[in-house]
Amino acid sequence: ISQSGETADTLAALKHAKKAGYIATLAVCNVAESSIVREARLVLMTRAGPEIGVASTKAFTTQLVALQLLILELARLNGLDETSYANYVAELNHLPELLTEALNLDEEFEALSRAFTNKNDALFLGRGSHYPIAMEGALKLKEISYIHAEAYAAGELKHGPLALVDAEMPVFAVAPNNTLLEKLISNIEEVSARGGELYVIADTKVISNFQQRHGHIIGLDTGGKLTAPVVMTIPLQLLAYHVAVQRGTDVDQPRNLAKSVTVE
C-alpha cells in the first residue's frame, strides 16, 4: 500500500514477496506509472488524483475505501449473500454526502484549533477499527503543526499514557456508533477524572451518551460501520490543518519531511 508507489522499504518488501514465491502480489496505489505498480502482479488504483502536500489526506481515505471494496469482493467470493453485499456497497456510495457534511465542520474546528496553539503535546484515543483513525489524527497533528502527538488504543490507557494526563494535555477521542462505545466512555471518564481537556468526536446517534464532564463533544453523521472510519478521519485532518495555520507552519511542506521516502 503506497500513495506514491516509490517508497523504498515497501518496494523492497514487494520484491522479497515475489522471490519468496507468494501466490500473487497486489499494489494499492495512487500513481499509475510508479515502481510498485509496475512490480506488482495485481493493481488496485485509488484514483485520488495528484496530492501535492507532503502530509497525505485524500490518499489515506481513498486507501481505506479501496481496501473495503477489496474485502467486500473477497467476502462475496466466500459466501456473503447478495443482499448484504448490495447494502454494503450502497453504504459506501453514500460517502460523498457524509464527507461533505464532515467538511462543513470546518469553522468549528478552526475555532477549536485556537486552544491548541500553545500546546506541546496531545493524546488521541480510539478503539477497534478506530484506533488507526486516532493514529492518523496524531500523525497529521505532529507532521504539520510540530506538536508532539501520540495515539493509543483506549483500552491500553492505563499502560502508560494516563500518567501524562493533566489540565495541559488535550485528549481527543473518536466515538463511533458501535459495540465498544461504553468501554470508550469508561476510558474517557478516566481522563476526565484526572483533569484532562477532552474533545470527543461522536456519531450523532450516540451523542446523547455523553455528559458535560466529557468535555467538548462534536457530533457528525458517520453512516455505517464501513463509512465511519473514513468520515471520522476528516475532522482530525481539519484540526491538524487549522492548528498548523494558527502556529504559522508550512502546511504543504513541513520541515524535514518528504512526500516519497526513496531511501531505506
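The domain bounds used on this tour come from an automatic or database domain assignment. With those bounds, the protein splits into domain 1 (8-80) and domain 2 (96-247). Keep in mind that what you are looking at is a predicted model.

**Stop 1: the two domains**

Colour 8-80 one way and 96-247 another, to tell domain 1 from domain 2. Taken over C-alpha atoms, the centres of domain 1 and domain 2 are 28 Å apart. Now pick out the interface: nine residues of domain 1 are in contact with 11 residues of domain 2. About 760 Å² is buried between the two domains, and 74% of that is on carbon and sulfur atoms. How many salt bridges does the rule find across the interface of domain 1 and domain 2? The count there is zero.

**Stop 2: the largest nonpolar core**

Next, select Phe109, Phe124, Leu141 and Phe172. These are the residues with the most contacts inside the largest nonpolar core, which has 40 residues. Helix H9 supplies the largest share of this core, 10 residues. Both domains take part: at least three residues of the core come from each of domain 1 (8-80) and domain 2 (96-247). As background, nonpolar side chains tend to be buried together in soluble globular proteins.

Zoom in on Phe124. Leaving aside neighbours within four places in sequence, Phe124 is in contact with Ala134, Gly137, Ala138, Leu141, Ala149, Glu150, Ala151, Tyr152, Phe172, Leu236 and Leu239.

**Stop 3: helix H5**

Move to residues 95-103, which form helix H5, and show the side chains of Leu95, Leu98 and Ala102, which are buried. Why do these three sit on the same side of H5? Because they cover an arc of only 65 degrees around the axis.

- helix H3 (58-77)
- helix H4 (82-93)
- helix H6 (106-113)
- strand S7 (216-220)
- helix H9 (228-247)

**Stop 4: two single residues**

Select His148, which is in strand S4 (residues 148-153). Is His148 buried, exposed or partly exposed? Its relative accessible area is 43%, so His148 is partly exposed. Not counting residues up to four places away in sequence, His148 touches Asn120, Asp121 and Ala122.

Now go to Ala32, in the loop between strand S1 (26-29) and helix H2 (35-39). Ala32 is partly exposed as well, with a relative accessible area of 45%. Beyond its neighbours within four places in sequence, Ala32 is in contact with Val37 and Met45. For another distance, draw a line from Ala32 to Leu238: these residues are 206 apart along the chain, and their C-alpha atoms are separated by 28 Å.

**Stop 5: salt bridges**

Side chains of opposite charge can pair when their charged atoms come close. A search of the whole structure turns up eight salt bridges, and three of them are worth a click.

Start with Lys18 and Glu39, whose closest N and O atoms are 3.2 Å apart. This pair links distant parts of the chain, with Lys18 in helix H1 (residues 8-20) and Glu39 in helix H2, 21 residues apart. Lys18 counts as partly exposed at 41% relative accessibility, and Glu39 also counts as partly exposed, at 22%.

Then show Lys205 and Asp203, a salt bridge with closest N and O atoms 3.7 Å apart. Lys205 is partly exposed, with a relative accessible area of 48%, whereas Asp203 counts as buried at 0% relative accessibility.

Arg76 counts as partly exposed at 29% relative accessibility, and Glu82 counts as partly exposed at 48%.

Definitions and conventions:
Residues numbered from 1 in each chain as written. Predicted model: local features only at pLDDT ≥ 70, side-chain atom pairs only at ≥ 80, totals over all residues. Heavy atoms only, no water. Buried < 20%, exposed > 50% of the residue type's maximum accessible area, 1.4 Å probe, protein only. Helix = DSSP H or I, 4+ residues; strand = E, 2+ residues; numbered from the N terminus. Arc of directions from axis to C-beta. Contact = heavy atoms within 4.5 Å. Core = buried A, V, L, I, M, F, W, Y, C linked by side-chain atoms within 4.5 Å. Buried area = accessible area lost by both parts, 1.4 Å probe. Salt bridge = Lys/Arg side-chain N within 4 Å of Asp/Glu carboxyl O.
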